[in-house]
Amino acid sequence: MPEPNGRSSVPGVPPISWRRRVTDHVMTGVAVLTVVLVLVPLVAIFGYLIYRGVGSINWAFLTQTPKPVGELGGGMANAIVGSALILGVASLIGVPFGVGAGIYLAEFGRNRFGAAIRFTADVLNGVPSIVIGIVAWAILVRGRGFSALAGGVALAIMMVPTITRTTEEMLLLVPQALREAAYGLGIPRWRTTLSITLRTATSGVITGIMLAFARIAGETAPLLFTTLGNQFWNLHLNQPTAALPLQIYTYANSPYDDWHRQAWAGAFVLIILIVSSVAAVRYAVRRGTFGAA
Amino acid sequence: MPGPQAVEDSKVTSVPAHRAAPLLRTSGGEVPDRIFKSALTACGLAVLGVLVLIVYELVSGSALSWHAFGFKFFGGSDWDPVNVLFGALPFIFGTLVSSLLALLIAVPLSVGVAVFTTEMCPKPLRGPLSFFVELLAAIPSVIYGLWAMFVLIPLLSGYVEPFLAKTLGWTRMFEGPPLGVGILAAGIILAIMIIPIISSITREVLMVVPQNQREGVLALGATRWEMIRVGVLRNARAGILGGIILGLGRALGETIAVTMVIGNTPQIAKSLFAPGYTMASVLANEFSEATGDVYLSALVEIGLALFLVTIIVNALAQLLVWTVTRGQPARGHA
């Protein structure tokens, strides 16, 4: 981009006035200032999180269940496992439906029905997570009791729209000629879609899944009245289950210093879980482990 | 010689795959193909079904409260579970004020960052800068809340609020005890949370503005800022507005971080220092402990109201972004 300067190189054209030049510099300064102001909270949050997290985490935190109120020590091992359980359920439900709906939109969705699904997915994406929690409560908890399954379903509902839309976009990027070549070889439609189209778009589809996963991994609101939380180990899908974000929320709101310490340790574990899962998949996708990229 | 045959050929190659497929289908593919398509259609139907289910559950769940209070529910400011008297006004007020405050802080910052990354910053810095800003979107809500409780609130009550009270106290918006927790803290934390949304959409919209628009304005003798103002921002304003409204949608529905800092007091106060309550926070705090059918139903009705507002806001935003990026392969850059 040509850098404007005060002097005019064209004879007969007056130079840019002093006032306009100063305005230009001031506005550049304002833009730089906004960047600094946005980066300050980012650095402050990550810096403080790492500082408190590293100082608070220990072996007991990762291997023990919470101690009763008033006793020091204990940990969130059951919440870490509980989170893994709930996220596993959510992914098992959310990923197939999301990818399936995405394939439908890309391959068969050039009609009214497809447009309706697309719009619905966008609407669902904007629904507050607490509202989804209420609905999961009404369907799965009311009259039956709190359960890991209900939390998993609530999170699955949140995963689907993101996965659907990214899968569709990724599949539409696959050249039409590739599909036609497959049909030309006599390969049936379903086989072409799964082994050629979807396989070509694998890395993009997985990135979409990971974005959805990262989004739900830290969700607290939809778990408040679905999985409820638990002080003990639980691996049953129909029982109240501890989850890392829930435990952080409960401990942060408590009046005890030791619980605050554990909330920070939990937050540290949670952010590491999110960042590393996303980074690992990005790395694997880039390396081509998941097939053609 | 381009005879009718050639025309026929070019038609076949330009037909979309799903139309061409039946012609080329081989034996043995038909039944699995039909199963495949119905399975995918079922997935699509499930997406529609979920939305229908959400609407059904919210409407049927709030019927009791609707019959008891009608429209007065949204105008009443009493929230009294003991006497079964419910009015949602304090929550609506808290949600609106905290979200608008968040927009007031976040919009100039986000637009500034987007303008800097697309128009001013050296090319090699662009990628890392947008990556860092979008890293803010990866932080879970509960961690924002935790940070706000232990860093932001002491900062507000110790330094920022006394300073604001001294300098701007006469506006009556900054008065009362500097507690730290309150509408102001909620607005600030919401602002940090919606900055990545607004700035990434603004960046996308700015990048769609044609390059020759910029060159044209520069050729007329504009400075860089004048070029951005006249040639870029003016063209992109509908899309930027869309991004702002999308950020508003997120702020309205945000639950956990706000619940941790807003003070959870159902009142309508003039001062931004005063504690408040939002629609989402009252659900988070009281839903699992609600005793009595009307109480529960009143909470579901708040959920329904929140759902309707966020849907309207999001649809409006989508429409605005769509009018700007139409024709372009609109992509959210991850």
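Because the model is predicted, local features are reported at pLDDT of at least 70 and side-chain atom pairs count only at pLDDT 80 or more, whereas totals for chains, interfaces and linings use all residues. Residues are numbered from 1 along each chain as its sequence is written, while chains are lettered from A and ligands numbered from 1 in the order in which they are written.

Of the 334 residues in chain B, 47% are buried; a residue is buried if 20 or more other C-beta atoms lie within 10 Å of its own, exposed if 12 or fewer, and partly exposed in between, with C-beta atoms placed from the backbone. Contacts are pairs of residues whose C-beta atoms, placed from the backbone, lie within 7 Å. Among those contacts in chain B that link residues at least 6 apart in sequence, 77% join residues at least 24 apart.

The axes of H5(A) (residues 129–141) and H3(B) (residues 30–69) come within 9 Å and cross at roughly 80 degrees; axes are lines fitted to C-alpha atoms, for helices over the stretch in contact, and angles run from 0 to 180 degrees between N-to-C directions. H5(A) and H3(B) are therefore roughly perpendicular to each other, given that angles under 35 degrees count as roughly parallel, over 145 as roughly antiparallel, 65 to 115 as roughly perpendicular and the rest as oblique. From H5(A), the residues A:Val135, A:Ala138 and A:Ile139 meet B:Leu53, B:Ile54, B:Glu57 and B:Gly61 of H3(B). The contact of H5(A) with H3(B) has five nonpolar residues, one polar and one charged.

In H5(B) (residues 89–120), the 32 residues should span 46 Å at 1.5 Å a residue, and the end C-alpha atoms are 45 Å apart, which agrees; the expected span is 1.5 Å times one less than the number of residues. H5(B) is mostly covered, with 23 of its 32 residues buried. In chain A, the 25 residues of H6(A) (residues 148–172) should span 36 Å, and the end C-alpha atoms are 36 Å apart, which agrees. H6(A) has a kink of about 30 degrees at A:Met159, shortly before the proline A:Pro161, and 24 of the 25 residues of H6(A) are buried.

Two buried residues illustrate the packing within each chain. A:Gly82 lies in H3(A) (residues 77–108) and counts as buried, with 28 C-beta neighbours inside 10 Å. Leaving out residues up to four places away in sequence, A:Gly82 touches A:Ala148, A:Asn230, A:Asn234, A:Thr241, A:Ala242 and A:Ala243. In chain B, B:Thr278 sits in the loop between H11 and H12 and is buried, with 32 C-beta neighbours inside 10 Å. Beyond four places in sequence, B:Thr278 is in contact with B:Phe91, B:Gly94, B:Thr95, B:Ser98, B:Val258 and B:Ile262. As for H12(B), six of its eight residues are buried, so this helix is largely enclosed by the rest of the structure.

Most residues other than glycine have a negative phi. A:Leu228, in the loop between H9 and H10 of chain A, has a positive phi near 70 degrees and is buried, with 21 other C-beta atoms within 10 Å. B:Asn264, in the loop between H11 and H12 of chain B, has a positive phi near 50 degrees and is partly exposed, with 19 other C-beta atoms within 10 Å.

Note on methods: Helix = DSSP H or I, 4+ residues; strand = E, 2+ residues; numbered from the N terminus. Nonpolar A, V, L, I, M, F, W, Y, C, P; charged D, E, K, R; others polar. Bend = angle between axes of the 7 residues up to and from the residue.
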